Amino acid sequence: MKKIFLIFMIAFTAQVSLAQVKSIKGVITDSDGMPLPGASVAVQGGQKGATTDFDGLYTIEAQKGQTLVFTYVGLETQNILVGDATTINVKMGQAASNALNEVVVTSLGLKKTRKSLTYAAQELKGEELTRVRDANVINTIAGKIAGVAVTKSSGGTGGSTKVVIRGNSSVSNSQPLYVIDGIPMLNSGAGQPNDSFGSLSGGNRDGGDVISLVNPDDYEGMTVLKGAAASVLYGSQGANGVILLSSKKAKSGKANISASSVTTFEEAAYMPKFQTDYIAAPGADETWGAAGKTKDHVKDFFDVGTTQITSVGYSIGSENSSTAFSYANTSATGIVPGNSLKKNNFGIRQTAKFFNDKLIFAANANYTSQTIANKPVNGFYFNPLTGVYLMPRGNDFDYYKNNYEVFNPTRNLMAQNWMTNRDIMQNPYWAINRNKSEDKNDFFNGALSLTYKANNWLSIASRYSYNRVTSVFDKKIYATTQGTLSHTNGRYINENSLSTQRYGDLIATINAKFATDFTFNANIGASITNTLTNDKTILDSGISGGLNVSNWFTLHNFNNNTGNYQTIDSQREVQSVFAATTFGYKDMLFLDLSGRNDWSSTVPDSYFYPSVGLTALISEMTTLPEWINYGKVRGTYAQVGNDIYPFVTNPTYYATPGSSAINPKVGPRPGETLKPELKSEFEFGTEWRMFNNRLGFEISYYNSETKNQYLQVVAPVNDMGYDFFGINAGSIENKGFEVVLTGGIIRGDKFSWDTTVNFSQNKNKVKEIPTELGGRVNLTEAGVNSYRYALVEGKPYGVIEGINFKKDDQGRILLNDDGTIQKTEFEEVGNSNPDFMLGWSNSFKFGSFFANVLIDGRFGGDVMSLTEAQNDSFGVSKATGDARNAGGVAINAVRASDGTAVTTMDAKSYYTQVGGRAGITGEYVYDATNVSVREVSIGYNFSPKNLPFIQSASISLIARNLFFIYKDAPFDPNIALSTGQGLQGVDIYGLPSTRSIGLNLNVTF
Amino acid sequence: MKLNKITKAAICISLLSAFGCTDNFEEINTNDQGITPELLEQDFNHIKQGFGPIFNNIQVITANFEWVYQLQQNLNSDIWSGYMATPTGFAGGINNTTYSLVDGWNGFIWEYAYKNVMYNAVHIEDLSKGKFDQFYALSLILKVEGMHRLTDTFGPIIYSKYGELSPTEYDSQEEVYNQFFNELDIAVADLTQRVDDGDTGESTFKSTDLSGYKGKYKQWVKFANTLRLRLAMRIVKANPALAKIEAEKAVAHKFGVMQSNGDLFKIVSPVFTNPLATISGSWLDIRMGADMESIMGGYEDPRLEGYFDTSSQYPGEYKGVRTGIDIAAKADHQNFSGIGAPGKSNEIVLMTAAEAYFLRAEGALRGWDMGGDAKSLYEQGITVSFGQRDASGVVGYIADNVKTAKAYVDPKFPVNNSPAVNNVTVAWDEAATNEVKLQKIITQKWIAGFPEGQEAWSDYRRTGYPKLFPVLKNYSGGTISTELGVRRINFVQSEKDGNQGGVDSGIAKLGGSDNGGTRLWWDVDAPNF
């Protein structure tokens, strides 16, 4: 097959290239026979050189007797003596010492050899991002990078994702920085929910993020810089790690058209279980009535969701310029009826070279437009799922589906039709059709860059980028929506939010060699970042205010102005100077020194932070056994400063709706100057490759502490009227191991099996919270529910708190004489942090067939389900049905007054006390450990021979979240209600996790 | 430093920045949507802005925050006073109404009082004391009005030590009451002086005043005097001597206490709706109490039809719901009588003029100099109340010595039925015992005060009147007596989390267990006379 392909290639190339007598030409291919574009050919000792075009074709002038040197990053260099032949085809194998040649994209988009890195950086190839596609590209990295925890929001398709690298280190934000071609991207969303009950402002909704809007097809790979050292050059923004995306570059010489089409089908998986044996008493909201068979209507409620992603790309390059264009269209429907998404991505990238290639100009622009209808919400308000799950059994769900509104003659309008008037459970179809919401996002990212190669050791580059994100949330709430949620004439909410980022930099790059043994690399530069996030105008006719004319959704139909306001989340500018240097000795010892000074508008004083790192290539320094190809040890110490929330040092008076108080919410404590947070991190690591690079491993240990956390404490009465003082206090520690193990288990001609294991363990500890805060910061307040999420001194980040049974010394539940259960006050019932994470990816090749399987495991940690608790208290859960069938709940309890043992309790009495969102929630805590088959793809590469005009084509069957190998919780613990800091480790009527299966088609012309 | 400047200059030049340099950092770091402190000082807005949150949070009457009012007052004192009842079986029916006190609800009583009332009152004091004392005086009256509700709910509270760092010590209720009286002294003296000097107050405070007083200092003094009278009567069993002194001081003041319905203290909410309108009208979470049906129904009280809507389930009837019953379905009782005009009005009355008369009537009964005898003050109280509610037939009503409360009948669940328990007539009987006279006064005060459950619950605890139907379900775990009802609310979770030391001091000063059965300082377990 491969030979046929080769011949085909040669035949093909022969047609396009006219023979020239004095030149040598040929095709450079990899070990599989695939052409290698961009490989270098040079005449040894000479000036001449050439690179291959997209088809792997090269042409070079040479004389007989000279030696041609063929090189390609990652492959073994070959020297071939020129003979009589004018065609030399080269097949390049995996380099025996490829680790020495690997190039890694690092901070600011600068390329560095992997061997010289003093810190951990892990890469993903572009195909990893597109093989088993997700509408949000970042969801595809789950399990593929050690130390990176990926948690999806419950906002369904188009929702945001929480990415935490090496543990939560900050009270305010733990998300990494996304960087595209060296330029930081603004990853601002319109906000995250943090209310365990649900928001009256349209429900607990996911405000989205920007990374979910990018087109994965535009990128050829991703590098994750995990530690502080790696990200020191990004300063504040990089304090939580950096994820770098590299754009696909047009290949010189040939037009290239690629197209792909992915269709997946999603089904709701891992839903709660319901009873079908009992019905509700007439008129009751809760299903605690007589026995009576019912139908489980919940499954039928969910649709099969579909996602169709079509993407096309076109690129053409010449010696001096290149152009690439891409377009992608995503069209999806969710598992909840009425939920759909439409997304269009446009991208264009242009490069040009001037003055003998000394000046390189590049420009790119990306635009994304996305519209989501009825983005799923969680919590109790505006959530159709509560009505579906909790509907009093014995009612005909289908009747209410088909008649969610009926004519009301008194009002002469169509009114909601539902058997009860409860804010937490409307008719789900009314919620879908008559509380309709629309989220619109537009994202523009434009960048210009100019690079000037002054001479062979100095180049100067300057870049400028502009990001603009607008989000619109529009919700039309019709008259007769439940009264807690809406005015009797209906309610209209329209939120507009704008975020922008302007970034500019100027960087000089120096590459010098002193003598033969010493090399010196330096990047010295300055940058400016100006960010505005969520400049919002919120129009809300309100619940008591409402609309004048029913169901006329526009501003001038508002009864009053109290719900309308403008607000800005943040506005800041950071100016920086930085320098990063690498001293190399004999290509075996590298010393990194870097430093950065930031001036941030949010803190009064500028701040400096350094990093130092050292790498030694043991395999170069000493003679190791032959089976060891590569060995390296590295160590680094770095600090990163993180400026604080803006406006704090310059407070103004402001009033929010719902409060008539005009006062600054927060200001500095008198006599104190606010400082940036400071993260310090040690990291040690070692990397080895052996057995012809068939086996490789990398181990990193890190220990970081983030001090001077910005916290707010309730202010005593003060002149300015601050509610809170912003202070620097508190400290959070993270330490852990990461192991990356790669193995080429089988490397046969016909069959190969490659595997990668990513292991990471993070131990997190909140070392200090000031006493004014009582040693705790509540990230999510309990409100009226028995769930609270807090930072507690001495505990890992993110303690889940709830209420437990009060028990005696023998572990028996204490009961009162009136039959009620004694319960504790709020106490720790779990922790959201996993003990360790394990990802195991495998790729198989068998002839033209290929298969990939990713197993993703998260071990330890806890989650709470208020969904189960509430389903129990409403008597709809399977547990309550089983208990009633069994004649009660078996308990180990004792009457506190007289010591009478109680072994069974009436099901209703038990579940109404223990269940419920405000019940004994310690009983609804589950082990978050889960192991899932995260990604599977099985496909076939077509032979181009059989497909005229086509360079490559493949088809594959793909599956995501296929099934859990192990799971304790009644829902998918990898989904969070918020991708912010709060509402973690809990499910409150979140959208069920989906299993998706589909087909992926790729063609390149 | 110099080097710093050089570097800064270097960046600016090197970037040829279009954004300027760090010179505009202050501008960038300022929220455009806010107002600067300098601008806010115009019109004394920096001081006046603190009044709004106090007015709006004595009872939480903020749009979209009806649920806070529900937790702050509606699901506790509005129900424990017998005024109202809920048809909803919150938390499986095991909640405040069945004496299982719900921490997750009751925390809002504390939180909103401190966050809004106390915080702003003390902030106004900081900005105005010694400089603009009229604001200080007004803030003190509002602070006492707001915070006496809190101590009457919990007992010891943070008061004199407010603003100190954790652990913040609690004051005993006696200490708190002594401060109330002192603060009213300061306020009354200052405002009286201003009136004497010819300053009515309208030009200064009218635009800020969300009460019905339109900024008039004289009206505020009358309110302060009546508030003093209320607080004096509250402590009559704990410190009778001080009670007499303070009560007589209030009545003897030259502006006196409230006399006509124009004097009553209300929050006029121009924008927001009454939370009861939402909770009763829209959520159907609160209904007429069975005690209201029994007592007002028994009297055929002409005010009844203004107080409640007729039941949509039993057209033409005023049907109340009994508190503390077994609730199988909300639908069973949700269409009983909803709250009428007082719950729908945008004027929320926190103290009626009738109350002043009933307080004076009780004072006269106790032999204090109240400027009248008990009978006439009692009857004036009823008359003023009829006037306030636009009800007719007051003469016949006052003279009625036949009708008493009627038995309560739950048309769906006879298990909830009860014979009448508050068996007094309306007509004054000079020959009756003081105890019966007091029962009549408090019964009429109770009717007149509707729907302000907080004060009615306090009176019920102090006097035991009017007699209310006991709960049928008591899930207090033995801490609260079915016969005596809830005496207080236990300290809140947020304080236990953030100020355990303070809570410990509060428990020590409470002198009993931190539960709903422990009596407060003024709630002395002794006869009324």
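Colleague: Where is the hairpin with A:Lys586 in the turn, and which strands form it?

Modeller: The hairpin is formed by S28(A) and S29(A), with three residues between them, and A:Lys586 in the turn has a positive phi of about 50°. Please keep in mind while reading that this is a predicted model.

Colleague: How do S28(A) and strand S29 pair, and over how many bridges?

Modeller: S28(A) pairs with strand S29, residues 589-600 of chain A, in the antiparallel sense, and the pairing runs over twelve bridges. As a position to look for, A:Thr581 stands opposite A:Leu593 in S29(A).

Colleague: And which strand is joined to S28 by 20 bridges?

Modeller: That is strand S27, residues 518-540 of chain A, which runs antiparallel to S28, residues 565-585 of chain A. Here A:Asn530 has A:Glu573 in S28(A) as its bridge partner.

Colleague: What holds paired strands of a sheet together in general?

Modeller: Strands of a sheet pair through backbone hydrogen bonds, and they do so either parallel or antiparallel.

Colleague: What is the strand order in the open sheet with S36 in it?

Modeller: The order is S32-S36-S35 in chain A, an open sheet of three strands with mixed pairing. Its edge strands are S32 (666-668) and S35 (710-714) of chain A, each of which pairs on one side only. Direction ignored, neighbouring strands of this sheet are turned by 40° against each other on average.

Colleague: How many bridges join S35(A) to S36?

Modeller: Five bridges join S35(A) to strand S36, residues 724-728 of chain A, and the two run antiparallel. Within S36(A), A:Phe725 is the residue that A:Val713 stands opposite.

Colleague: Which strands make up the open sheet that has S11 in it?

Modeller: That open sheet has three strands of chain A in the order S12-S11-S52, with mixed pairing. The edge strands, pairing on one side only, are S12 (161-165) and S52 (975-976) of chain A. Strand S11, residues 148-153 of chain A, is joined to S52(A) by two bridges, and these strands run parallel. The bridge partner of A:Ser153 in S52(A) is A:Ala976.

Colleague: Switching to chain B, at what angle do H9 and H12 pack?

Modeller: Helix H9 (residues 133-154) and helix H12 (residues 217-234) of chain B pack at an angle of about 30°, with their axes 11 Å apart. H9(B) and H12(B) are therefore roughly parallel to each other, and their crossing is left-handed.

Colleague: Which residues meet there?

Modeller: On the H9(B) side the residues include B:Leu138, B:Ile141, B:Glu145 and B:His148, and they meet residues of H12(B) including B:Trp220, B:Phe223, B:Leu227, B:Arg230 and B:Arg234. The residues of this contact between H9(B) and H12(B) divide into ten nonpolar, two polar and four charged.

Colleague: What does B:Glu455 touch, setting aside residues up to four places away in sequence?

Modeller: With those set aside, B:Glu455 touches B:His148, B:Arg230, B:Arg234 and B:Glu355. B:Glu455 itself lies in helix H22, residues 453-463 of chain B.

Colleague: Is B:Glu455 buried or exposed?

Modeller: B:Glu455 counts as buried, because its relative accessibility is 6%.

Colleague: How about B:Glu435, where is that?

Modeller: B:Glu435 is in helix H21, residues 434-449 of chain B, and it counts as partly exposed because its relative accessibility is 27%. Leaving out residues up to four places away in sequence, B:Glu435 touches B:Tyr465, B:Asn528 and B:Phe529. B:Glu435 and B:Leu365 are 70 residues apart in sequence, and their C-alpha atoms are 9.9 Å apart in space.

Colleague: At what angle do H6 and H8 of chain B pack?

Modeller: Helix H6 (residues 66-74) and helix H8 (residues 103-128) of chain B pack at an angle of about 100°, with their axes 7 Å apart. That makes H6(B) roughly perpendicular to H8(B). In this contact B:Trp67, B:Val68, B:Leu71 and B:Gln72 in H6(B) meet B:Trp105, B:Phe108, B:Ile109 and B:Tyr112 in H8(B). By class, the contact of H6(B) with H8(B) has seven nonpolar residues, one polar and no charged ones.

Colleague: Last one, where is B:Gly262?

Modeller: B:Gly262 sits in the loop between helix H13 (240-252) and strand S2 (265-268) of chain B. Not counting residues up to four places away in sequence, B:Gly262 touches B:Tyr213 and B:Gln219. B:Gly262 and B:Trp283 are 21 residues apart along the chain, and their C-alpha atoms are separated by 32 Å.

Terms used:
Residues numbered from 1 in each chain as written. Chains lettered and ligands numbered in written order. Predicted model: local features only at pLDDT ≥ 70, side-chain atom pairs only at ≥ 80, totals over all residues. Heavy atoms only, no water. Axes fitted to C-alpha atoms, helices over the stretch in contact; angles between N-to-C directions. Helix = DSSP H or I, 4+ residues; strand = E, 2+ residues; numbered from the N terminus. Parallel < 35°, antiparallel > 145°, perpendicular 65-115°, else oblique. Left-handed = near helix turned anticlockwise from the far one by under 90°. Contact = heavy atoms within 4.5 Å. Nonpolar A, V, L, I, M, F, W, Y, C, P; charged D, E, K, R; others polar. Pairing = 2+ DSSP bridges. Buried < 20%, exposed > 50% of the residue type's maximum accessible area, 1.4 Å probe, protein only.
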